[in-house]
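Q: I would like to learn how to read a protein model feature by feature. Could you walk me through one?

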Amino acid sequence: MISLTDSQKIGMGLTGFGVFFLFFGMILFFDKALLAIGNILFVAGLAFVIGLERTFRFFFQKHKMKATSFFLGGVFVVLIGWPIVGVVLEIYGFFLLFRGFFPVVVGFIRRIPVLGSILNLPFISAYVDKVGESNTMV
């Protein structure tokens, strides 16, 4: 069992609520307020989970500046009131930022009984194998 500090537990809660508000905001036709709350909670939760210094170092690495600018730019665009454009920018930046983690996630999901069998279906397997490849280091 992994032991978490109190701030990491708070961060997990904030991140979870942030993902919930982002999902709920998209379900409700890109509601500006819910998306803005979700963005703020997600970024704050990430900072609580891994710490402020590590969060800053993760986002502002030289080779991740393009991804960071798209992600944080998307957050800013949502906050000023253009939710659809902002979410598209955020999703692109998110995939650029976290693409190094996708092989780990795909490997983990393949070990889950029901989801693993779904990922091994012929028409899904080729796409998942492409996503699961990693050309970059984290």
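A: Gladly! Let us start with a definition: two residues are in contact when they have heavy atoms within 4.5 Å of each other. Keep in mind that this is a predicted model. With that in hand, look at contacts between residues at least 6 apart in sequence: in the protein chain, 50% of them join residues at least 24 apart.

Q: What does the secondary structure of the protein chain come to?

A: The chain has eight helices and zero strands. Read from the N terminus on, the order is α-α-α-α-α-α-α-α. As for extent, the C-alpha atoms fill a box of roughly 45 × 35 × 30 Å along the principal axes.

Q: How should I read burial, and what share of the 138 residues is buried?

A: The general idea is a cut-off: a residue is buried under 20% relative accessible area, exposed over 50%, and partly exposed in between. Here, buried residues make up 30% of the 138 in the protein chain. The chain exposes about 9,400 Å², and carbon and sulfur atoms supply 75% of that area.

Q: Now the aromatic rings. How many aromatic pairs are there?

A: Two rings pair if their centres lie within 6.5 Å. By this rule the model has 13 aromatic pairs. Take Phe58 and Phe101: their ring centres are 6.4 Å apart and their planes stand at 40 degrees, so this pair is tilted. The label follows because planes under 30 degrees apart count as stacked, over 60 as edge-to-face, and the rest as tilted.

Q: Where in the chain do Phe58 and Phe101 lie?

A: Phe58 belongs to helix α3 (residues 52-59), while Phe101 is in the loop between α5 (83-98) and α6 (102-110). Phe58 is buried at 13% relative accessibility, whereas Phe101 is partly exposed at 34%.

Q: Which kind of pair do the rings of Phe94 and Phe95 form?

A: Their centres are 6.1 Å apart and their planes at 75 degrees, so that pair is edge-to-face. Phe94 has a relative accessible area of 29% and is partly exposed; Phe95, at 44%, is partly exposed too.

Q: Which residues form the aromatic cluster?

A: One cluster is formed by Phe42, Phe58, Phe59, Phe71, Phe94, Phe95, Phe98, Phe101 and Phe102.

Q: How do I read the packing of two helices, say α6 and α8?

A: Begin with the axes. Those of α6 and α8 (residues 122-132) come within 8 Å and cross at roughly 140 degrees. That makes α6 oblique to α8, because only angles over 145 degrees count as roughly antiparallel. Next, list the residues that meet: Phe102, Pro103, Val106 and Arg110 in α6 face Ser125, Val128, Asp129, Val131 and Gly132 in α8. By class, this contact has five nonpolar, two polar and two charged residues.

Q: Last one: what should I look for in backbone angles?

A: Most residues other than glycine have a negative phi. Two phenylalanines here have a positive value: phi is near 60 degrees for Phe29 and near 55 degrees for Phe30. Phe29 sits in the loop between α1 (6-27) and α2 (32-50), and Phe30 is found in the loop between α1 and α2 as well.

Q: Are Phe29 and Phe30 exposed or partly exposed?

A: Phe29 is exposed, with a relative accessible area of 76%. Phe30 is partly exposed, at 27%.

Terms used. Residues are numbered from 1 along each chain as its sequence is written. This is a predicted model: local features need pLDDT of at least 70, side-chain atom pairs count only at pLDDT 80 or more; totals for chains, interfaces and linings use all residues. Side-chain values use heavy atoms; hydrogens and water are left out. Rings of Phe, Tyr and Trp (its six-membered ring) pair if their centres lie within 6.5 Å; planes under 30 degrees apart count as stacked, over 60 as edge-to-face and the rest as tilted. Helices (H or I, at least four residues) and strands (E, at least two) are DSSP runs, numbered from the N terminus. Buried means under 20% relative accessible area, exposed over 50%, partly exposed in between (1.4 Å probe, protein chains only). Axes are lines fitted to C-alpha atoms, for helices over the stretch in contact, and angles run from 0 to 180 degrees between N-to-C directions. Angles under 35 degrees count as roughly parallel, over 145 as roughly antiparallel, 65 to 115 as roughly perpendicular and the rest as oblique. Ala, Val, Leu, Ile, Met, Phe, Trp, Tyr, Cys and Pro count as nonpolar, Asp, Glu, Lys and Arg as charged, and the others, Gly among them, as polar. Accessible areas come from the Shrake-Rupley method with a 1.4 Å probe; for residues, only the protein chains shown count as cover.
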